[in-house]
Structure formats: C-alpha cells, structure tokens
Amino acid sequence: MSKKKIAGSHDECVLAIAEELKKDRWEVKANLPGWGTPSKVGALGPDVEAKKKGCLTRICEVATEEMFQGDKDRYAEFKNYCDEYDFHFYVIGKDGKREQIDPESLVKKKP
C-alpha cells in the first residue's frame, strides 16, 4: 500500500494521480477540467481512466475518509464493475496522506 503526502483535497489527489500516470507514459483522462472525461464503468464515472500500450486500462477512484466511511458498499460495487481493469482505489486521510486500499478488502465475505 502506498502512502503519499499531498495537499489533502479530492481534486488535488486526482490531479496528482493523473500527473503520475501521464509521467509514466499512460494516456490519461481525469474527472478534472482539461483532462478529458473518463468513460463510464457501468453507471459510475471513475476519477481517472488511464490506458497504456498493450491494451492495459487502469481505473482509479479517490475518496476522502468521510466519503469512504459513508458508503463502503458503493465502492465494493464499483470494484465489481472494474474487475476487468487494473483498478486502484485511494482514500485521503484527515492528515492529507493518500493511502491505496486493496479493492478485494471491499468485497463482502460470504458467511
């Protein structure tokens, strides 16, 4: 899991991820002005969609701790839509650090 200090806001985190991917030669669309609009995944729109030669598509979703605590089921559903992609999920803590969450940890376990 990666933790990276950023300036804490959702949009700043999305921008940081988009810039990191672009620097690594990905074609990037981000839910930000001037970055193009990511394709919908089912009914949901991701924060970042990146494509790399060789047909690899990465989907990134960013949530603040408040957003994440409020609706974990929504992110588990999003993860299920993204099974065919390289899906990355991040939560921004109150301290402004970005933490990557393993999407598998969002899946409800069968009793």
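pLDDT is the predictor's confidence in each residue, on a scale from 0 to 100, and a contact means heavy atoms within 4.5 Å. The structure is a predicted model, in which local features need pLDDT of at least 70 and side-chain atom pairs count only at pLDDT 80 or more, while totals for chains, interfaces and linings use all residues. Residues are numbered from 1 along each chain as its sequence is written, and side-chain values use heavy atoms, with hydrogens and water left out.

**Stop 1: confidence**

Colour the chain by pLDDT and select residues 1-7. Over residues 1-7, pLDDT stays under 50, and the model has 21 contacts for them beyond four places in sequence. The chain averages a pLDDT of 76, and 66% of the residues score at least 70. Helices (H or I, at least four residues) and strands (E, at least two) are DSSP runs, numbered from the N terminus. Confidence in the chain is lowest in strand β1 (residues 3-5), with a mean of 42, and highest in strand β2 (residues 27-30), at 95.

**Stop 2: helix α1**

Next, select residues 10-23, which form helix α1. Its 14 residues reach 20 Å from the first C-alpha to the last, close to the 20 Å expected at 1.5 Å a residue; the expected span is 1.5 Å times one less than the number of residues. Buried here means under 20% relative accessible area, exposed means over 50%, and partly exposed lies in between (1.4 Å probe, protein chains only). The buried residues of α1 are C13, V14, A16, I17, A18 and L21. An α-helix has 3.6 residues a turn, so residues three or four places apart point the same way. The buried residues of α1 pack against β2, β3 (48-52), β4 (56-64), β5 (86-92) and β6.

**Stop 3**

Move on to R25, in the loop between α1 and β2. R25 has a positive phi of about 70° although it is not a glycine. Is R25 buried or exposed? R25 counts as exposed because its relative accessible area is 73%.

**Stop 4: the nonpolar cores**

A nonpolar core is a set of buried Ala, Val, Leu, Ile, Met, Phe, Trp, Tyr and Cys residues joined through side-chain atoms within 4.5 Å. Select I17, L21, V28, A30, V48 and V62: of the 16 residues in the largest core, these touch the most other members. The elements that give two or more residues to this core are α1, β2, β3, β4 and β5, and α1 gives the most, with five residues. Apart from this core lies another, of seven residues, among them V41, I59, F87 and V91. In soluble globular proteins, nonpolar side chains tend to be buried together.

Now centre the view on L21. Leaving aside neighbours within four places in sequence, L21 is in contact with W26, V28, V48, A50, R58 and C60.

**Stop 5: R58**

R58 counts as buried because its relative accessibility is 19%. Not counting residues up to four places away in sequence, R58 touches L21, W26, V48, E49, A50, D86 and H88.

**Stop 6**

To find one of the partners, select C60, whose bridge partner in β5 is H88. Strand β5 is mostly covered, with six of its seven residues buried.

How do β5 and β6 run, parallel or antiparallel? They run antiparallel and are joined by four bridges. Select Y90 to find its bridge partner in β6, Q100. The hairpin of β5 and β6 has four residues between the strands, and G96 takes a positive phi near 85° there.

End this stop at I101, in strand β6 (residues 97-101). I101 counts as buried because its relative accessibility is 14%. I101 and V91 are 10 residues apart in sequence and 7.0 Å apart in space, C-alpha to C-alpha.

**Stop 7: the cysteines**

Finally, display C13 and C60. A disulfide is taken as a pair of cysteine sulfur atoms within 2.5 Å, and a search of the whole structure finds zero disulfides. C13 is in no disulfide, and the nearest cysteine sulfur, that of C60, is 9.3 Å away. C13 counts as buried because its relative accessible area is 0%. C60 is likewise in no disulfide, and C60 counts as buried because its relative accessible area is 1%.

Conventions:
Two strands pair if DSSP finds at least two bridges between them.
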